[in-house]
Amino acid sequence: MSKNILALDPASYVTGWAIFSLNDKNEAKLIKYGSFKIPKGMKIPQRMSLIREKVNLLIDKSKATNLITERPFQGPNAHTFMVLSMGFGIISAISHEKNIP
């Protein structure tokens, strides 16, 4: 059974994504990739809402069966880490709601 894998690299303002197809022999094929931008100046709740909207759309369009997300890491800026963690939480919740491992 083949799988459609959605890989996400969330960031504060630009989130990268890629869709891979994995066949029965575990051979991966890149299907499509891109990014979506969050307009600067948006308040955090609006940014999280937009991330939710865009990720849901990507999952639905790609018919994703699996989801891979880069986890946030603590850099020198605590505020950036907080925002990245919120985005990761939103994506994790979507994955749980849609029952996508």
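Trainee: In which helix is Ser 95 found?
Mentor: This is a predicted model, in which local features need pLDDT of at least 70 and side-chain atom pairs count only at pLDDT 80 or more, while totals for chains, interfaces and linings use all residues. Residues are numbered from 1 along each chain as its sequence is written, and side-chain values use heavy atoms, with hydrogens and water left out. Helices are DSSP runs of H or I with at least four residues, strands are runs of E with at least two, and both are numbered from the N terminus. Ser 95 is found in helix α2.

Trainee: Is Ser 95 buried or exposed?
Mentor: With a 1.4 Å probe and protein chains only, buried means under 20% relative accessible area, exposed means over 50%, and partly exposed lies in between. The relative accessible area of Ser 95 is 13%, so this residue is buried.

Trainee: Which residues does Ser 95 touch, not counting those up to four places away in sequence?
Mentor: A contact is a pair of heavy atoms within 4.5 Å. With residues up to four places away in sequence left out, Ser 95 touches Leu 67, Ile 100 and Pro 101.

Trainee: Within what arc do the buried residues of α2 fall, seen down its axis?
Mentor: The buried residues of α2 are Val 83, Leu 84, Gly 87, Ile 90, Ile 91, Ile 94 and Ser 95. The arc is taken from the directions that run from the helix axis to the C-beta atoms. The buried residues of α2 line one face of the helix, because they fall within an arc of 140 degrees.

Trainee: Against which elements do the buried residues of α2 pack?
Mentor: On the other side of α2, Ala 78, His 96 and Glu 97 are exposed. The buried residues of α2 pack against β1, α1 and β4 (66-69).

Trainee: With which residue does Glu 97 form a salt bridge?
Mentor: A salt bridge is a side-chain nitrogen of Lys or Arg within 4 Å of a carboxyl oxygen of Asp or Glu, and the whole structure has two. Glu 97 lies in helix α2 and its partner in helix α1, so the pair ties together parts that are 45 residues apart in sequence. With the closest N and O atoms 3.3 Å apart, the partner of Glu 97 is Arg 52.

Trainee: How many residues apart in sequence are the parts that Lys 98 and Asp 60 tie together?
Mentor: The side chains of Lys 98 and Asp 60 meet in a salt bridge, with N to O at 3.1 Å. Lys 98 lies in the segment after α2 and Asp 60 in helix α1, so the separation in sequence is 38 residues.

Trainee: With which side chain does the side chain of Asn 56 make a polar contact?
Mentor: A polar contact is a pair of N or O atoms within 3.5 Å; within protein, one must be able to donate a hydrogen and the other to accept it, and residues adjacent in sequence count only if both atoms are side-chain atoms. Asn 56 is placed in helix α1. At 3.5 Å, the side chain of Asn 56 makes a polar contact with that of Lys 98.
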